[in-house]
Amino acid sequence: MEIVVVGAGQAGSSLVSKLRALGFDGGVTLVGEEPVVPYQRPPLSKAYLLGDMELERLYLRSEEFYREQNITLKLGAAVTGIDREHKELHLGEERLGYDLLALTTGSTPRRLPAAIGGDLEGVFTVRTLADIDRMQPELGAGKKALIIGGGYIGLEAAAVCAKLGLDVTLVEMADRILQRVAAPQTSDYFRALHEDHGVDIREGIGLEKLIGEGRVSGALLTDGEELAADVVIVGVGIAPCTQIAELGGLMLDNGIKTDAQGRTSDPSIFAAGDCASFPHGEGRIRLESVGNAIDQAEVVAANMLGAETPYVAKPWFWSDQYDTKLQIAGLNTGYDEIVTRDGEGGAVSFWYYGEGKLLAVDAMNDSRAYMVGKRLIEGGKSPDKAAVADPGTELKALLKA
């Protein structure tokens, strides 16, 4: 049997590795658009950009691992079509046959339209190794950096630029940073953190257009102000990469639509990671996280070998900014109350409740609150709010309540 996996990121690497770990001894091919072996994305915009991590440490597995596991790598290869009837993948003129196919194509950053300056030199998005390698030489101390978007990508970029000595301004069109993903309390925490590091945060203000002839030199904001800018980093969200699924005529629904086992509308084709939406509770979700990419890909690998195991997501996320580590457990959708817990040494956590049920936890420099919160959420337990808020309550005691 021949299994082909398209998309050589975290999910793709996890899937092919799991196939071998489960004892599959048929053909395995991993197809990637980038010319490098699968690598970690989160450190790209932090440790790697800062120069604190060498390229080799980014790699999820060495090239030697894939050789030893008899996994064929086709890197720098663009998929140009899927012939589902004949079970063939088109890579330009090359035809690659498969018995089962998995799409782990990930996501791509949303870019600014060319009409408002998105194509000017000095304007960057943060996603690939090539993005960071192009950006790195531009981030010289004393330069003016403009960050578009106050989500986690934008805030992480602002933190790196500030640490490198740039003069940083961040603009967020919504009323507050992190508005789409976090409570006001978390927004307030990170606003104060960035302002303490000299970042000028503008909320409720959008970008009218970027200014420059060939290269960006500034920006006009929606309030009429004009800012000088030597470099612009765009963090306005990501979109699932569904182009290959579309070439094959697969069903889409906020990404590539899969069932609980990871099958698409074609029973011979599976999907996992950022690109895939799957059943969750009463509806469907698509999760953009390393944890989901690994866990879902491993379940899909087992299901490609006949396990028939439904994927049950256990969402967790993280973000590193300056010396603060944010760890998030659960999904806060539908929350109606926030309980604040102060930890030791400036640590703090915000606990999201909806109709009395614990939904999620945002923990800043408080790994214990994160770990306990995660176990509670996964176990379907909702601790007493007053006990959570009381710093005298031993966190582990919440697990026994």
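Modeller: Gladly, and please keep in mind that this is a predicted model. We can begin with T393, which is placed in the loop between α11 (385-389) and α12 (395-400).

Colleague: Is T393 buried or exposed?

Modeller: The cut-off that matters here is that a residue under 20% relative accessible area is called buried. T393 has 16% relative accessibility, and because this falls under the cut-off, T393 counts as buried.

Colleague: Which residues does T393 touch, not counting residues up to four places away in sequence?

Modeller: Neighbours along the chain are set aside here, so that what remains has been brought together by the fold. With residues up to four places away left out, T393 touches R341, A387 and L398.

Colleague: Where does T169 lie, and with which residues is T169 in contact?

Modeller: T169 is found in strand β11, which covers residues 167-172. At 13% relative accessibility, T169 counts as buried. Leaving aside the neighbours within four places in sequence, the contacts of T169 are A145, L146, I147, D200, R202 and L227.

Colleague: What is the state of S265, and how far is S265 from L112?

Modeller: S265 lies in the loop between β18 (256-257) and β19 (269-271), and its relative accessible area of 34% makes S265 partly exposed. Leaving aside neighbours within four places in sequence, S265 is in contact with L250, M251 and K257. S265 and L112 are 153 residues apart along the chain, and their C-alpha atoms are separated by 32 Å.

Colleague: Does the length of helix α6 agree or disagree with what its number of residues should give?

Modeller: Helix α6 has twelve residues, 152-163, and at 1.5 Å a residue these should span 16 Å. The end C-alpha atoms of α6 are 16 Å apart, so the two values agree.

Colleague: How are α6 and α7 oriented to each other?

Modeller: α6 and helix α7 (residues 184-196) pack at an angle of about 20°, with their axes 11 Å apart. Angles under 35 degrees count as roughly parallel. It follows that α6 and α7 are roughly parallel to each other, and α6 passes α7 in a crossing that is left-handed.

Colleague: Which residues of α7 are met by α6, and what classes make up the contact?

Modeller: On the α6 side the residues are Y152, L155, A158 and A159, and on the α7 side they meet T186, F190 and H194. An α-helix has 3.6 residues a turn, so residues three or four places apart point the same way. By class, the contact of α6 with α7 has five nonpolar, two polar and no charged residues.

Colleague: What do the buried residues of α1 pack against?

Modeller: Helix α1 is mostly covered, since nine of its twelve residues are buried, including A11, L15 and L19. The buried residues of α1 pack against β1 (2-6), β2 (27-32), α4 (63-68), β3 (71-75), β7 (100-103) and α9.

Colleague: How do α1 and α9 cross, and how do the residues of their contact divide by class?

Modeller: The axes of α1 (residues 10-21) and α9 (residues 290-304) come within 8 Å and cross at roughly 35°, and α1 passes α9 in a right-handed crossing. The residues that meet include A11, L15 and L19 in α1 and A293, A297 and A301 in α9. The residues of this contact divide into ten nonpolar, two polar and two charged.

Colleague: Which residues does L305 touch, not counting residues up to four places away in sequence?

Modeller: L305 is placed in the loop between α9 and β22 (316-321), and with a relative accessible area of 32% L305 is partly exposed. With residues up to four places away in sequence not counted, L305 touches M1, I3, L19, L22 and F24.

Terms used: Residues numbered from 1 in each chain as written. Predicted model: local features only at pLDDT ≥ 70, side-chain atom pairs only at ≥ 80, totals over all residues. Heavy atoms only, no water. Helix = DSSP H or I, 4+ residues; strand = E, 2+ residues; numbered from the N terminus. Expected span 1.5 Å × (residues − 1). Axes fitted to C-alpha atoms, helices over the stretch in contact; angles between N-to-C directions. Parallel < 35°, antiparallel > 145°, perpendicular 65-115°, else oblique. Left-handed = near helix turned anticlockwise from the far one by under 90°. Contact = heavy atoms within 4.5 Å. Nonpolar A, V, L, I, M, F, W, Y, C, P; charged D, E, K, R; others polar. Buried < 20%, exposed > 50% of the residue type's maximum accessible area, 1.4 Å probe, protein only.
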